[in-house]
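Have a look at it first, and then we can start with a question.

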Amino acid sequence: MTRPRDLPRRLAATLAVLLLCGVGADAADNKDSIDGRVPLPRPAKGKGESCIEPTASMRRYHMDYLAHQRDETVRQGIRGRKYSLKECVACHAVPEPGQEEAKTLTVEPFCGQCHTYAAVRIDCFECHTDKPVDKARRTGWQAPPQKESRRARLGAHLGALERSP
Amino acid sequence: MKMPPSPPANNTVDGARRRLLAGAAAIATLSLAPGVVLITAAEAKAPTGPASAKVRWGLLVDSAKCGDGCDVCVDACRTENGWTGHGRPRTDPQWIRMVSLREPAGGASWTLPMMCQHCRFPPCVDVCPTGASFRRADGIVLVDKHICIGCRYCMMACPYNARSFVHEDVAEQRPHAPRGKGTVESCTLCVHRIDAGGIPACVEACGRAGGGALTFGDLNDPDSEIARRAAAYAAVRVRADLGLDPAVRYHIPGRAAKR
């Protein structure tokens, strides 16, 4: 009988053997994976040359930058500081892969890649939009048609009634 | 003769210091030239805020100008902040609504917009168990949806029925107005516009396409249009008996001005 202490060692050995044998066609085909199962993240490229912080520190600390500043913005009304979710979206919202012609943009191909890999659920976009600002602004409030136009429409309607026999 | 208002005493030092610093910065920039231009803070937009406790943002509703059947303000709010209904009035979110009033004795009637009254002593803040409901320094009452757990105590506490719970999944949010299922929301007085130096969407829309019944401004500034009008009309606070001191004031025509 295997003693519990040996179990990890045995598992590791089995895994190594399996890996050496190239178990699973997927594993052999999938060069983008460390363990042969989970594909490595390939975040979509954002706009511009570089982010506002070096890539390494953005990868490690982006959530801290955002969380710290969001409280100041929501509670004290301090706006326009260095970090902003809107700015993230402005650069990192891209069309869905395979639908480059699509009009709707999303940050999923950027954020989703690593977050899926690390199995860390991202809640930002449950509430925040992942569409860039100018895209969303296009559907902003417009003054409703004035009374004149309604009257004009009514006039046209009545005129048409009169003309018809 | 009218004298220009002198700056408040506690500001003069700051002003002088600021001018001195600006001068120093200019000298530093000059000495760095020629050819080399350092652009750091100058290029990035300077941060704004924090909200100041010296101001108290408020709204004055002049129901004499508020047209019967007009809901331009509601429409503007809906579009500006992206809250839409699903045709289920009991659960649909509602940041602002039109209310019709009728005096039973004389039969006179008015319509008014009703929304978060941005109380000085907001009961929604008192009851919030997580601190998500809060009052900003400039008097705007908001929900920090990051920590709102959706318990809806604030909705129970609010005498104006101003808050809504988001029952259903939300899509197509506005970038400045994040909204999500499971949180409570209400009129923000268009805080994103105010922080950018603008006025709320309802006020803008009412002035442009409605009767011009809404006035927005600083209630603390006695020279502001809203403060002057509120004083001239002896504008009323809804449910003044509760002592919450709302920042939204109403002018009801024909109502005797009590001082």
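What do the side chains of B:R237 and B:D245 meet in? They form a salt bridge, with N and O 3.0 Å apart; the term stands for a side-chain nitrogen of Lys or Arg within 4 Å of a carboxyl oxygen of Asp or Glu. B:R237 is partly exposed at 34% relative accessible area, while B:D245 is buried at 16%. Here buried means under 20% relative accessible area, exposed over 50%, and partly exposed in between (1.4 Å probe, protein chains only). Through shared partners, salt bridges link B:D245 and B:R237 with B:R56, B:R120 and B:R249 in one network.

A word on the background: this is a predicted model, in which local features need pLDDT of at least 70 and side-chain atom pairs count only at pLDDT 80 or more, whereas totals for chains, interfaces and linings use all residues. Residues are numbered from 1 along each chain as its sequence is written, chains are lettered from A and ligands numbered from 1 in the order in which they are written, and side-chain values use heavy atoms, without hydrogens and water.

Next, find B:R193 and B:E80, whose side chains form a salt bridge of 3.1 Å from N to O. B:R193 belongs to helix 5 (residues 191-195) of chain B and B:E80 to helix 2 (residues 72-81) of chain B, so the pair ties together parts 113 residues apart in sequence. Such helices are DSSP runs of H or I with at least four residues, strands are runs of E with at least two, and both are numbered from the N terminus. Both B:R193 and B:E80 are buried.
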